[in-house]
Structures are given as C-alpha cells and as structure tokens.
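Okay, thanks for coming, everyone.

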Amino acid sequence: MPDATGLAGIGVSAGVAAGPLLRIAAAPALPPPVPVGDPEAEVRRAYAALAEVVADLERRADRATEATVAEVLRAEALMAGDEELRDAVREHIEDGTDAPHAIDAAFGTFREMFAEAGGYLAERVADLDDLRDRAVAVLLGLPMPGVPQPGHPYVLAARDLAPADTADLDPDQVVALVTEIGGPTSHTAILARALGLPAVVACPGVLRVAEHTRVLVDGATGRVDVGVDEATVVAARRDAAAEAAAVAGSSGPGRTSDGHAVKLLANVGSAKNVPAADQAHAEGIGLFRTELLFLDRASEPGRDEQITAYREVFRAMAGRRVVIRTLDAGADKPLPFLHQDGEPNPALGVRGLRVARRRPGVLTAQLAAIAAAAADCDADVWVMAPMVSTLTEATEFAAAVHEAGLPRAGVMIEVPAAALRAGDLLRAVDFLSIGTNDLSQYTFAADRMCGELADLLDPWQPALLQLIAICGAAGRETGKPVGVCGEAAADPQLAPVLAGLGISSLSMSPRALPAVRAALARHSYAECRRLAELAVAAPDAVAARKSVL
Amino acid sequence: MPTRTVTVGSSSGLHARPAKIFVEAAAAAPVKVTIRVGDKRPVPAKSMLSVLALGAKQGTEVILEADGDGADQALDGLAALLAKDLDADDA
C-alpha cells in the first residue's frame with residue numbers, strides 16, 4: 001500500500017469493505033439572476049431539466065426493490081413532471097426570469113399551498129425542495145443531490161446521513177459508510193448496523209478525499225485507508241469473509257476462551273421476535289419490552305389481552321429465562337391512556353416505574369397478568385422495573401412482584417443514583433439490568449435524541465464504564481446477576497470489557513448476538529478483567545476503545 | 001357542463017398513493033377534467049401538485065367537472081375511484 005494514507009474515525013459497525021469513494025452531493029445554491037435573451041430557449045432549457053429529474057426518478061423507481069420506495073419515487077416523478085408546474089415556469093420565464101429562478105419560483109407557489117394546507121402536506125414541503133434542488137442542479141451541470149446511484153459498488157461518504165437520504169440507500173451498491181461527524185448512536189450508526197454495513201463516523205478529512213479514490217473501511221477499528229491498491233482490497237475482503245464465517249459458525253452459550261460464562265440473551269418486543277432469537281442461539285430473553293401492547297391506546301389493555309401476549313413469549317421460551325420489563329412509558333413516551341400533560345422536561349419527569357406513583361393500578365394489573373401468564377408456562381420468568389432511582393422504589397417494587405406470586409424481581413439501572421447504590425439495591429432485589437442508553441443520557445446530561453451530543457452518549461465513555469463497574473462489583477459480592485441490555489451489549493469489542501467489569505449477561509438484538517459470542521470466545525476471563533481496567537482508566541471514549549484493540 | 005360531487009373515500013385523504021392513482025386516471029381520460037373543493041378555484045385533475053394542494057381528506061366533498069365527448073363516462077369512472085378507499089391494499 002505504497003501511496004495510501006490513513007484517516008481515523010470511530011468504528012460503529014464492524015466489517016471491512018473497500019471501493020471507490022462517492023459523496024452525497026450538497027443542494028446547489030441558486031446563482032445570481034441573469035437576464036433572459038431568448039425566452040423560448042430558456043423555457044426549453046427549464047423543461048429539459050424537469051424532464052431529466054422525472055427520468056432519473058423513474059429510473060430509480062425501476063431499480064427499487066421495495067414496492068413502497070418505488071411508489072414514493074413514482075409519485076415524486078409525477079410532481080416533477082406536473083403540467084401546472086411547467087405552465088408556471090413558462091409564465092415566470094416570459095416575465096423575464098431565468099430558468100433556475102423560474103423553477104424555484106414555480107415550486108415556491110406550490111410550497112406555499114402545501115405549507116398552508118398543513119398536516120401531512122406541510123411535511124411534503126421537503127419533497128418539493130428536493131425536486132427543485134434536483135432540477136436546479138441539472139441546469140447548473142452539477143450532480144443531483146442525494147445518495148449517488150452509479151450502478152456499481154462504492155463507499156458512501158457524507159457529512160452525516162439524514163433519514164431522508166437513507167430511504168434511497170441501495171445495499172447492493174453501498175458497501176460501507178463513512179461520515180465526517182456523528183457518533184455511535186447517530187442515525188448513520190444505527191442504519192449501518194441494521195443493514196450490516198461496515199461504518200466509520202466522526203472521521204475528519206473524509207470529505208476532502210477526491211471522488212472515485214479507492215478506500216478501505218474497517219468498521220471495527222475506525223480506520224479508513226485512502227488510495228489502497230487492488231491487492232490490499234482483495235486481502236481485506238478475504239480476512240473479512242473469514243471473520244464473517246467464524247461469526248456465523250458460532251453457537252452455544254456465551255463464554256470466554258477459558259469457560260467463564262456470560263449469558264447471551266435477546267431483546268424482544270413480542271413473540272414475533274422469538275424466531276430471530278432462536279436462530280441466534282440466544283440463551284433466553286434478557287429484555288421483553290411490554291410497551292408495544294400499550295401504544296396508541298385510549299384505555300389500558302385488558303387483563304386477558306395482556307396474559308395472551310405475555311404467554312406467547314413465555315411458551316416459546318419454555319425452559320429458558322425471560323426477563324420481562326414492566327411498562328416503560330410516561331413523560332418521555334406518552335401514552336394516550338395515561339393522560340399525561342406536557343411536562344417541562346419529559347426525560348426528567350414521571351416515566352417508567354414513576355408512573356406507578358400516579359397510577360399504581362396499571363402496575364399491579366400488569367404484574368397480575370404476568371403472573372397468570374407465567375403460571376401455565378415453563379419459562380423462568382423474571383420481572384424488572386424501568387427507571388428505578390432509590391432503594392425505597394426497589395424495595396416496594398420487589399414486594400409488589402412477590403405479592404403477585406412471581407419469584408424473581410429486579411430493577412433496571414438507568415440513573416447514576418441507582419448505579420452508585422447498586423450494592424444496596426441488590427440486597428432488596430434478585431438482579432440488576434443496566435440500560436446503557438438511559439444511563440448515558442442521565443450521566444452526561446445529554447438527551448439521547450440529540451445527535452449533536454452523540455459523542456457524550458458513546459458507551460465507551462469511561463465514566464459510564466465506571467458506573468457499570470460499581471454494579472458489576474456489587475453483583476460479584478452478592479452473587480446475584482447483573483446484566484446489560486441496550487446498545488452497549490451489542491458491541492462485540494465492548495463485550496469482553498463488560499464481562500471483565502463483572503457483567504453476567506448481555507442482552508441485545510438477535511442480529512448482534514453471533515459477533516458478540518465470537519468476541520467473548522477470543523478472550524480469557526483474565527484478559528477481560530485487564531481490558532476492563534484499561535478501559536475504565538482511559539481518559540476518554542476514543543482512548544478507551546483504542547486500549548482494547 | 002357535466003359535474004359529479006364525490007366524497008373522498010381514501011383513509012389518508014387525497015394524498016400520496018390515492019392522489020397518484022387518481023391523477024394517472026385523470027391524465028388517461030379523453031377529456032380535460034377539473035376538480036375543486038367547495039367554491040375554490042377548479043384545478044386540472046391531471047396535475048399531481050394541484051390535486052395534492054387541495055388538501056382533501058377522507059370525507060371531503062370534491063366536485064369534478066368536464067365537457068365534451070365522453071365527459072359523462074370519464075366523470076363516472078373518476079368519481080367511482082375517488083369514492084373508494086385507495087389506501088386499502090387491494091385498491
């Protein structure tokens with residue numbers, strides 16, 4: 001690799017891929033207006049640009065593999081080819097406006113009408129802006145904005161990916177993602193993991209790489225090699241394929257190379273997710289979210305409905321552990337039947353177990369339904385509460401669980417107060433489960449939804465790891481299980497660190513499970529403990545991640 | 001001039017998919033058809049942007065108008081289309 005240079009970012013989705021780098025083109029700026037000499041020629045120019053946009057949208061619709069995406073693209077093509085729009089463009093040009101400004105003005109009229117109509121149509125204003133940008137780009141001889149569709153595999157580079165860009169992202173063409181900004185919880189990272197694409201975020205310099213330069217992306221280490229030769233690409237692909245085969249071939253319970261067990265569990269929302277968990281050889285369910293049942297409801301779901309839904313999952317998991325979480329909703333995830341008025345700061349409001357302060361009946365009804373469902377199934381049912389902050393809350397919850405006839409009560413560790421007192425809590429309950437997304441949010445006072453603060457929500461932040469260490473130590477001391485569910489549990493590189501911190505189970509989306517199993521199997525327990533020490537002692541998240549590579 | 005007054009049947013209103021189906025049918029009609037809501041300005045039924053801009057929801061009454069040979073037949077077809085729920089999967 002004689003001429004290659006390296007860029008460094010944060011690897012957020014493991015895997016290695018290489019290809020020519022292409023960027024998402026930016027929306028073109030309107031040039032200053034120019035006088036129109038030949039209106040007829042100018043009209044032809046404008047119409048040709050609109051026709052090119054229509055043709056491009058139709059080509060993309062033809063290629064789209066998803067029927068919905070194709071339909072959306074065809075509806076957009078209809079808009080770009082609209083006769084009324086063309087008439088408006090002609091009128092503006094005949095009044096002396098040049099083609100780009102006439103197109104801008106014509107779309108502007110409809111934009112206003114859409115915005116005025118409000119609701120659904122107001123949301124479509126962005127579509128109109130996109131169509132205008134595309135037509136203007138054609139007129140100016142610039143690439144059309146959006147995700148490129150060159151018809152061959154490439155590495156997509158962008159400042160950051162907007163949700164709108166991703167509808168159009170073709171996994172057959174895009175082999176890896178690299179963004180200049182963003183963090184492990186950014187849209188890019190989530191999307192990349194969902195599509196199984198290697199991805200690197202927070203990679204400064206990537207936008208200065210010349211288009212079509214061949215780059216190699218390592219989504220585990222965060223390295224982006226620029227200007228690599230073909231032999232390097234071939235070698236990297238071979239290594240990646242060998243790694244993928246090793247991961248795909250992994251099965252059985254989670255353990256380190258010397259046999260220290262770390263249970264590998266799956267997060268599910270309903271019985272529909274159980275087959276995926278089975279396919280990944282999950283040892284049980286580490287997080288059964290019950291919110292699904294309560295969403296969009298004007299009234300609480302009835303007892304029988306709840307029993308049926310819980311029983312489906314318990315039955316499917318006969319003989320295995322199922323950790324079911326009581327309703328996690330409230331100010332942050334409002335549910336109609338809870339009638340919660342706007343709270344000034346939903347993340348700091350009445351949510352999770354706190355809802356039981358106002359509506360204790362919802363919790364007791366749910367616990368009764370869980371107990372009834374568990375009674376005629378063989379699953380090992382554990383129950384846990386979200387958003388617990390104090391020993392009193394934990395004690396009261398455990399009492400309610402036991403009163404309902406359920407043997408195992410636990411609490412989620414999502415706020416620093418609970419993590420700091422993990423030892424106390426473990427004397428009151430049977431297990432802990434750490435929700436790293438919320439724990440990060442509250443530890444760093446950084447809203448989970450705030451993309452700009454994504455670096456603070458990085459699960460490798462040493463302060464977060466230190467809180468996890470407190471919980472892990474409490475688990476070792478009391479001999480009670482302490483698990484992690486949430487984004488952090490799905491990170492294969494973090495798995496040995498978490499094991500070393502004393503975590504006894506990891507629960508994640510089934511898709512992530514094989515890679516985590518393979519990562520654990522590559523380290524001895526002593527190594528895990530050493531890596532955990534290094535990561536907690538690191539000065540920042542980037543250094544913590546580097547310390548274990 | 002032949003007219004038809006129809007209540008929009010699609011659950012999402014005359015948006016996205018239903019609008020597209022209606023506009024394509026109007027464009028295929030042998031006569032120029034207009035559509036309006038109440039006393040507002042009639043717009044060409046084959047203009048996607050204009051039809052969307054009507055902001056017609058499920059239950060909104062719209063008036064179709066056309067003139068010339070085959071106007072009645074075209075209006076009947078388009079009216080029937082509008083009255084259906086075009087969001088339903090089999091539409």
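**Interface, salt bridges and cores**

So, let's start where the two chains meet. Keep in mind that this is a predicted model. Across the interface of chain B and chain A, the rule picks out 2 salt bridges. As for which parts of chain B are doing the touching, the elements that put two or more residues on the side facing chain A are α1 (16–28) and α2 (48–53) of chain B. That side of chain B splits into 7 nonpolar, 4 polar and 4 charged residues.

One salt bridge you can look for joins the side chains of Glu83(A) and Lys46(B), with an N to O distance of 3.5 Å.

How many residues of each chain are in contact here? It's 15 residues of chain B with 15 residues of chain A. And the area buried between chain B and chain A comes to about 1500 Å², with carbon and sulfur atoms giving 72% of that.

Okay, on to salt bridges in general. Over all chains, the structure holds 33 of them. Let me walk you through a few in chain A.

Take Arg45(A) and Glu42(A) to begin with: their side chains meet in a salt bridge at 3.3 Å, N to O. Both residues sit in helix α1 (residues 39–63) of chain A, 3 residues apart, which is about one turn of the helix. Buried or exposed, what do we get for Glu42(A)? Glu42(A) is buried, because its relative accessible area is 12%, under the 20% cut-off. Arg45(A), on the other hand, has a relative accessible area of 37%, so it goes down as partly exposed.

Now the pair Glu230(A) and Arg214(A), also a salt bridge, at 3.3 Å, N to O. Here Glu230(A) is in helix α9 (residues 230–248) of chain A and Arg214(A) is in strand β7 (residues 214–218) of chain A, so this pair ties together parts that are 16 residues apart in sequence. Glu230(A) is partly exposed at 42% relative accessible area, and Arg214(A) is partly exposed too, at 32%.

Then there's Asp424(A) with Arg421(A), a salt bridge at 3.2 Å, N to O. Asp424(A) is at 26% relative accessibility, so we call it partly exposed. Arg421(A) is at 52%, so that one counts as exposed.

And if you like networks, find Glu52(A), Asp56(A), Arg59(A), Arg60(A), Asp130(A) and Arg134(A), which are linked together by salt bridges.

In soluble globular proteins, nonpolar side chains tend to be buried together. In this model, the largest nonpolar core has 96 residues, and the ones with the most contacts inside it are Tyr310(A), Phe314(A) and Leu506(A). Which helix gives the most to this core? That's helix α13 (residues 360–375) of chain A, with 8 residues.

Leaving out residues up to four places away in sequence, Phe314(A) touches Phe288(A), Val322(A), Ile324(A), Ile370(A), Ala373(A), Ala374(A), Cys377(A), Ala379(A) and Val381(A).

There's also a second, separate core of 63 residues, and it includes Val53(A), Ile93(A), Phe114(A) and, from the other chain, Leu14(B). That's where I'll stop.

Note on methods. Residues numbered from 1 in each chain as written. Chains lettered and ligands numbered in written order. Predicted model: local features only at pLDDT ≥ 70, side-chain atom pairs only at ≥ 80, totals over all residues. Heavy atoms only, no water. Contact = heavy atoms within 4.5 Å. Buried area = accessible area lost by both parts, 1.4 Å probe. Salt bridge = Lys/Arg side-chain N within 4 Å of Asp/Glu carboxyl O. Helix = DSSP H or I, 4+ residues; strand = E, 2+ residues; numbered from the N terminus. Nonpolar A, V, L, I, M, F, W, Y, C, P; charged D, E, K, R; others polar. Buried < 20%, exposed > 50% of the residue type's maximum accessible area, 1.4 Å probe, protein only. Core = buried A, V, L, I, M, F, W, Y, C linked by side-chain atoms within 4.5 Å.
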